[in-house]
Amino acid sequence: MRLVRLVANLGYGSQKEVRGMIRDGRLTSEDGTPLTAESRLDHRLIRLDGEGLDPGPGMVLMLHKPFGYTCSTSDPGRVVYELLPERFGRRNPVLAPVGRLDRDSTGLLLMTDDGALLHRITAPRSHVPKTYEVTLARPLTGEEAAVFASGTLMLRSETTPLAPALLEAVEPCRARITIVEGRYHQIKRMFAAIGNHVEQLHRSAVGGLGLGGLASGKWRLLTQGEIAGLFESEAE
């Protein structure tokens, strides 16, 4: 891919702006040699103002989503893209959330520009587990784990039962729940179906990946090993 298009697709600027960067000598090879608009160089060897470029298509990042942010650019108020470098919002292919967290939910949010990977993570047949920490309005009764694990729970307005889910009681009003689906507002609707109400919802893990020490509002790129780790359950 020509240098101008490559850098523009990464969101650093329009093609016109990238040509200006080239004229100004801001785009160079690893050894500092100025590049031209027609240069075709390995992505990893290109420097902008002396710094390496963002990863190309296939980039995956993990964001610790804070309370009050949405995953849609069409919603009013704060959006998760505000927590990322501005150029990430101009990438082509587009950088999209892998599944969503509500405005009032927090925790691990994956984002990628790899459509095939996004589909693999979210497709029900992939059975990628997602773990949530839940705070409830009323104490657990002790019957929830069996109901959720039964594979027979029906949500309102749906025609097929939920896949079995694993629930672990943590405190009287707190639980850890792992699901392999991603239906609309699924966790909240599951507890509503048994007469309880979710007050706080935090996604702590997706597949074999957890937040670790990543602070709220911060993000980092995933390694290839971490991406593979998302699908550890598929090999079991």
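This briefing describes the pocket, the nonpolar cores, the strand pairing and some local backbone features of one structure. The model is predicted. Its largest pocket holds about 530 Å³ of space, and its largest nonpolar core has 33 residues. Strand S10 (198-206) contributes two or more residues to the lining of that pocket and two or more to that core.

**Largest pocket**

- Rolling a probe the size of a water molecule over the atoms shows where empty space is left.
- The lining of the largest pocket consists of 28 residues, and those nearest its centre are Gly99, Arg100, Leu101, Arg183 and Arg203.
- Two or more lining residues come from each of strand S6 (105-112), helix H3 (115-122), strand S7 (130-136), helix H5 (186-193) and strand S10 (198-206).
- Sorted by class, the lining comprises 11 nonpolar, eight polar and nine charged residues.

**Nonpolar cores**

- In soluble globular proteins, nonpolar side chains tend to be buried together.
- Within the largest nonpolar core, the residues that touch the most other members are Val134, Ile177, Ile187, Met190 and Phe191.
- This core draws two or more residues from each of strand S4 (60-65), S6, S7, strand S9 (174-179), H5 and S10.
- Apart from its neighbours within four places in sequence, Ile187 contacts Tyr132, Val134, Ile177, Ile179, Val198 and Leu201.

**Pairing around strand S10**

- S10 pairs with S6 in the parallel sense, over three bridges; here Ser105 has Leu201 of S10 as its bridge partner.
- S10 also pairs with S7, in the antiparallel sense and over seven bridges. In this pairing Val134 stands opposite Leu201.
- Strand S11 (residues 209-210) runs antiparallel to S10 and is joined to S10 by two bridges. Ala205 has Gly210 of S11 as its bridge partner.
- The hairpin of S10 and S11 has two residues between the strands, and Gly207 in this hairpin takes a positive phi near 60°.

- Strands S1, S2 and S3 form an open sheet in the order S1-S2-S3, with antiparallel pairing.
- S1 and strand S3 (51-52) each have a single partner strand and stand at the edges, so one side of each lacks a neighbour in the sheet.
- S2 and S3 pair over two bridges in the antiparallel sense, and Arg47 has Gly52 of S3 as its bridge partner.
- Helix H2 (residues 15-23) has Val18, Gly20, Met21 and Ile22 as its buried residues. Their cover includes helix H1 (3-9), S1 and S2.
- Gly25, which follows H2, has a positive phi near 75°.

**Leu41 in the S1-S2 loop**

- Leu41 is located in the loop between strand S1 (27-29) and strand S2 (46-48).
- Leu41 counts as partly exposed because its relative accessibility is 32%, a value that lies between the cut-offs of 20% for buried and 50% for exposed.
- Beyond its neighbours within four places in sequence, Leu41 contacts Ser29, Leu35 and Ile46.
- A distance of 34 Å separates the C-alpha atoms of Leu41 and Gly217, which are 176 residues apart along the chain.

**Backbone exceptions in loops**

- Most residues other than glycine have a negative phi, and most peptide bonds are trans.
- The peptide bond from Asn92 to Pro93 is cis, with omega near 10°. Pro93 is in the loop between S4 and strand S5 (96-97).
- Ser157 is not a glycine, yet its phi is positive, at about 70°. Ser157 belongs to the loop between helix H4 (144-149) and strand S8 (166-171).
- Ser157 counts as exposed because its relative accessibility is 72%, over the 50% cut-off.
- His185, also a residue other than glycine, has a positive phi near 50°. His185 is placed in the loop between S9 and H5.
- His185 counts as partly exposed because its relative accessible area is 31%.

Notes. Residues are numbered from 1 along each chain as its sequence is written. This is a predicted model: local features need pLDDT of at least 70, side-chain atom pairs count only at pLDDT 80 or more; totals for chains, interfaces and linings use all residues. Side-chain values use heavy atoms; hydrogens and water are left out. On a 1 Å grid over the protein atoms alone, a cavity is a set of points where a 1.4 Å probe fits but cannot get out, and a pocket is an open set with protein on both sides within 12 Å along at least five of seven lines; lining residues have an atom within 4 Å of a point. Grid points are joined across faces, edges and corners, and a volume is the space filled by probe spheres set on the points. Helices (H or I, at least four residues) and strands (E, at least two) are DSSP runs, numbered from the N terminus. Ala, Val, Leu, Ile, Met, Phe, Trp, Tyr, Cys and Pro count as nonpolar, Asp, Glu, Lys and Arg as charged, and the others, Gly among them, as polar. A nonpolar core is a set of buried Ala, Val, Leu, Ile, Met, Phe, Trp, Tyr and Cys residues joined through side-chain atoms within 4.5 Å. Buried means under 20% relative accessible area, exposed over 50%, partly exposed in between (1.4 Å probe, protein chains only). Contact means heavy atoms within 4.5 Å. Two strands pair if DSSP finds at least two bridges between them.
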